[in-house]
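Please look over the chain displayed below before reading the numbered points. They take up charged pairs, surface, pocket and backbone in turn.

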Amino acid sequence: LASVRRRGWAHSIGEREQGVASVSAPIRGTGGKVIAAVSVSGPIERLTRTPGRLHAAPVVSAAERITESMRRAN
């Protein structure tokens, strides 16, 4: 969990569902508390066994944009 917090994203390779990979990043609410997540998932053959290498940056960017949008709305 410490590495996930440090990186700002998490990945899963066949952990939740055999043959599926995913990358997720947190959406934060007031006080920085995680309230939701943005996630991309698909077959390991398409996302590869290192999905964070290919997809972490856009997933984190989307989560940050949503977080910022929610802050502005409050």
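1. A search of the whole structure finds two salt bridges, a salt bridge being a side-chain nitrogen of Lys or Arg within 4 Å of a carboxyl oxygen of Asp or Glu. The model is a predicted one, in which local features need pLDDT of at least 70 and side-chain atom pairs count only at pLDDT 80 or more, while totals for chains, interfaces and linings use all residues. Residues are numbered from 1 along each chain as its sequence is written, and side-chain values use heavy atoms, with hydrogens and water left out.

2. Because Glu-68 and Arg-72 are four residues apart in helix α3, about one helical turn separates them. Through shared partners, these salt bridges link Glu-68, Arg-71 and Arg-72 into one network.

3. How exposed are the members of this network? Glu-68 is partly exposed, with a relative accessible area of 35%, and Arg-71 is also partly exposed, at 46% relative accessibility, whereas Arg-72, at 60%, counts as exposed. Here buried means under 20% relative accessible area, exposed means over 50%, and partly exposed lies in between (1.4 Å probe, protein chains only).

4. As for the overall fold, the protein chain has three helices and three strands, which run α-β-β-β-α-α from the N terminus on. Helices (H or I, at least four residues) and strands (E, at least two) are DSSP runs, numbered from the N terminus. The C-alpha trace spans about 40 × 20 × 20 Å along its principal axes, and of the 74 residues of the chain, 28% count as buried.

5. Helix α3 (residues 51–73) also contains Met-70, a residue that is partly exposed at a relative accessible area of 33%. Together with Ile-35 and Ile-66, Met-70 makes a nonpolar surface patch of about 230 Å². Patches are made of residues with over 30% relative accessible area and no salt bridge, like charges being joined within 9 Å and nonpolar side chains (Val, Leu, Ile, Met, Phe, Trp, Tyr) within 5 Å; the areas come from the Shrake-Rupley method with a 1.4 Å probe, and for residues only the protein chains shown count as cover.

6. The largest pocket holds about 240 Å³ of space. It is lined by 13 residues, of which Val-4, Arg-5, Pro-26, Arg-28 and Val-34 are the closest to its centre. Two or more lining residues come from each of α1 (2–7), β2 (20–28) and β3 (34–43), and β2 gives the largest share, four residues. On a 1 Å grid over the protein atoms alone, a pocket is an open set of points where a 1.4 Å probe fits, with protein on both sides within 12 Å along at least five of seven lines, and lining residues have an atom within 4 Å of a point.

7. Phi of Thr-48 is near 75°, a positive value in a residue other than glycine. Most residues other than glycine have a negative phi. Thr-48 counts as partly exposed, at 24% relative accessibility.

Terms used
Points joined across faces, edges and corners; volume = space filled by probe spheres on them.
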